[in-house]
Amino acid sequence: MELRIGVVGTGAIGEDHIRRLTEVITGATVVALSDINEENARRIAKKYNAVFYKTGNEVIWSPDVDAVLIASWDPTHAGYVLECIKAKKYVLCEKPLATSAEECLEIVNAEIQGKKKLVQVGFMRRYDTGYRELKEMLKSGIIGEPLMVHCCHRNRIPGPQHTTDMTIKNSGIHEIDVLRWLLDEEYESGQVLTVKQNKNAESELKDPQIMLLKTKSGVRIDVEVNMNSHYGYDIQCEIVGEKGVIRLPDPNTILTKLSGRNSYEIYADWSFRFTRAYDIEIQQWIDSIKGSGPVGPSAWDGYVACITADTLIKARKRETIEPIIIQPRPEFYC
Ligand code: ISE
């Protein structure tokens with residue numbers, strides 16, 4: 001049975017997901033879409049033989065749509081996810097689940113009231129082979145207990161209308177989620193340091209920033225989140241354990257020997273770096289909702305990531321170390 005998917009938001013990642021659902025993923029067809037940029041959305045609808053709707057809610061409520069993928073502008077995520085819960089449809093929402101922890105809790109409560117897990121959040125790094133191997137090695141105990149984690153999240157240039165808060169809420173949030181998943185524990189406190197300003201960054205954007213996190217067991221994490229590396233998209237993660245160190249591999253790009261130099265390509269942006277992870281994420285989402293329901297990052301994970309990001313933003317503004325206070329996890333998500 002082909003699942004009929006409606007896509008809300010057909011910007012860069014939305015269009016890429018439509019291509020993926022059509023050309024890579026099995027068992028699903030994109031039948032409906034909408035976007036605020038009507039001209040572009042109509043072009044994509046024509047290309048993929050889908051129906052264009054004027055609003056996201058029309059896509060969600062369409063009787064021709066079985067499940068929904070949300071890839072619209074971040075501030076619209078919560079409203080669409082709540083609408084999907086009302087319509088009792090499975091939904092994969094790109095990160096962040098919402099722009100505030102309060103909205104995430106509204107989603108969590110609506111899902112609990114509906115008594116069915118419908119929501120999955122697009123934290124695709126959990127599907128990346130490198131991160132999966134890191135998790136396996138940590139679990140095996142080969143380096144002993146993890147003590148420290150050093151990470152970099154470098155974008156070549158920021159996306160359009162990028163703000164200082166988005167560095168944490170839109171980019172850093174991947175690190176917040178994947179490190180919590182890797183270490184399998186919750187955060188206790190967080191802090192953000194700003195550093196000497198990169199003069200290539202827009203003047204109102206504080207860039208780079210360093211997120212510092214401490215977990216409940218005392219693991220210390222530092223993450224450089226840099227929106228203006230200029231050289232490419234670069235994700236690094238090194239875990240220092242009691243007996244050794246493990247490190248996320250760089251993507252496997254071709255070694256070029258040219259003009260007296262060995263070189264490897266560095267991808268320009270995240271869509272190339274995590275293509276395979278997105279493919280696996282979406283295939284598993286489709287397979288799971290045809291079976292007993294989504295097993296990927298839940299609305300609860302979306303909430304924890306969001307409250308952590310909110311706290312880090314507060315910590316940056318106040319120049320303090322802030323406790324990360326997470327509501328007790330409802331039974332529904334255990
Ligand atoms: C972008 O929105 C993403 O989601 C990418 O995965 C992230 O690495 C990038 O920093 C964000 O701007």
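Across the interface of domain 1 and domain 2, seven residue pairs are in polar contact, both partners at pLDDT 80 or more. A polar contact here is a pair of N or O atoms within 3.5 Å; within protein, one must be able to donate a hydrogen and the other to accept it, and residues adjacent in sequence count only if both atoms are side-chain atoms. Before going further, keep in mind that this is a predicted model, in which local features need pLDDT of at least 70 and side-chain atom pairs count only at pLDDT 80 or more, while totals for chains, interfaces and linings use all residues. Residues are numbered from 1 along each chain as its sequence is written, and side-chain values use heavy atoms, with hydrogens and water left out.

Nine residues from domain 1 and 13 residues from domain 2 make the contact, meaning heavy atoms within 4.5 Å. On the domain 1 side, four of the residues touching domain 2 are nonpolar, two are polar and three are charged. In that count, Ala, Val, Leu, Ile, Met, Phe, Trp, Tyr, Cys and Pro are nonpolar, Asp, Glu, Lys and Arg are charged, and the others, Gly among them, are polar.

Together the two domains bury about 1100 Å², with 52% of it on carbon and sulfur atoms. Buried area is the accessible area (1.4 Å probe) that two parts lose on being put together, summed over both. Look for Lys95, Phe123 and Arg125: they supply 59% of what domain 1 buries against domain 2, more than any other three residues.

The structure as a whole holds 25. Another of them pairs Arg43 with Glu15, the closest N and O atoms being 3.1 Å apart. Helices (H or I, at least four residues) and strands (E, at least two) are DSSP runs, numbered from the N terminus.

Now for the backbone. Most residues other than glycine have a negative phi, and most peptide bonds are trans. Lys95 turns up again here, joined to Pro96 by a cis peptide bond with omega about -10°. Pro96 lies in the loop between β5 (90-94) and α5 (101-114). A cis bond also runs from Asp207 to Pro208, with omega near -5°, and Pro208 lies in the loop between β8 (187-194) and β9 (209-215). Gln161, in the loop between β7 (146-154) and α7 (164-183), has a positive phi, near 55°.

Notes. Salt bridge = Lys/Arg side-chain N within 4 Å of Asp/Glu carboxyl O.
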